[in-house]
Amino acid sequence: MTPAQIIAIIIAVLVLGIIVFPLVNRRSFRKLPPEQQVRIIMKQAKGLIFFKNVSNGSRGVLYYVKNKRKILAFPWVLYDGKMLCTRENPFDNWDYPEEREALNPDELKQLTEELEKFNKKNPVKIIFK
């Protein structure tokens, strides 16, 4: 093989690995049913608190994961440059596990603190009605 062929192969592998495959993975993740998305997000969660924003244009869902076991979903629409949560009572019950137990006061306090940190770090803020 000539050096030009080797360089062309290396460039092709890099383009596929860095650009094409991640785009395909994101697209296929968005098409999954919400239950499967939740399971994948639980596996991806790093640490005790984890946020995952799954957007589809001007709509999406912000997932809040606590201890890799409890998930709260905030569906949102883009409004005035911010993510406006469209859920009626977003802080009432956990979305996963299926028992949908209520948030206790400590969990609610921690959630509000983590949402404030999330809003400070990200350029697009989440707001509630």
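Reader: Leaving aside neighbours within four places in sequence, which residues is Tyr63 in contact with?

Author: Gln37, Val38, Ile41, Phe50, Phe51, Lys52, Val54, Ile71, Leu72 and Ala73. Contact means heavy atoms within 4.5 Å. Bear in mind that this is a predicted model: local features need pLDDT of at least 70 and side-chain atom pairs count only at pLDDT 80 or more, while totals for chains, interfaces and linings use all residues. Residues are numbered from 1 along each chain as its sequence is written, and side-chain values use heavy atoms, with hydrogens and water left out.

Reader: Where does Tyr63 sit, and is Tyr63 buried or exposed?

Author: Tyr63 is in strand 2, residues 59-66. Strands (E, at least two residues) and helices (H or I, at least four) are DSSP runs numbered from the N terminus. Tyr63 counts as buried because its relative accessibility is 5%; buried is under 20% relative accessible area, exposed over 50%, partly exposed in between, with a 1.4 Å probe and protein chains only.

Reader: And which side chain does the Tyr63 side chain join in a polar contact?

Author: That of Gln37, at 3.1 Å. A polar contact is a pair of N or O atoms within 3.5 Å; within protein, one must be able to donate a hydrogen and the other to accept it, and residues adjacent in sequence count only if both atoms are side-chain atoms.

Reader: Switching to cores: which residues have the most contacts inside the largest nonpolar one?

Author: Leu62, Tyr64, Leu72, Phe74, Leu111 and Ile126, in a core of 14 residues. Strand 2, strand 3 (70-79), strand 4 (82-85) and helix 3 (105-121) each give two or more residues to this core. A second, separate core of 11 residues includes Tyr63, along with Phe29, Val38 and Met42. A nonpolar core is a set of buried Ala, Val, Leu, Ile, Met, Phe, Trp, Tyr and Cys residues joined through side-chain atoms within 4.5 Å.

Reader: What does Leu111 touch, neighbours within four places aside?

Author: Tyr64, Leu72, Phe74, Phe91 and Leu103.

Reader: OK, helix 1. Where does it bend?

Author: At Leu16, by about 40 degrees. That's the angle between axes fitted to the seven residues ending there and the seven starting there.

Reader: Last one: what order do the elements run in?

Author: From the N terminus, α-α-β-β-β-β-α-β. As for overall dimensions, the C-alpha trace spans about 65 × 35 × 25 Å along its principal axes.
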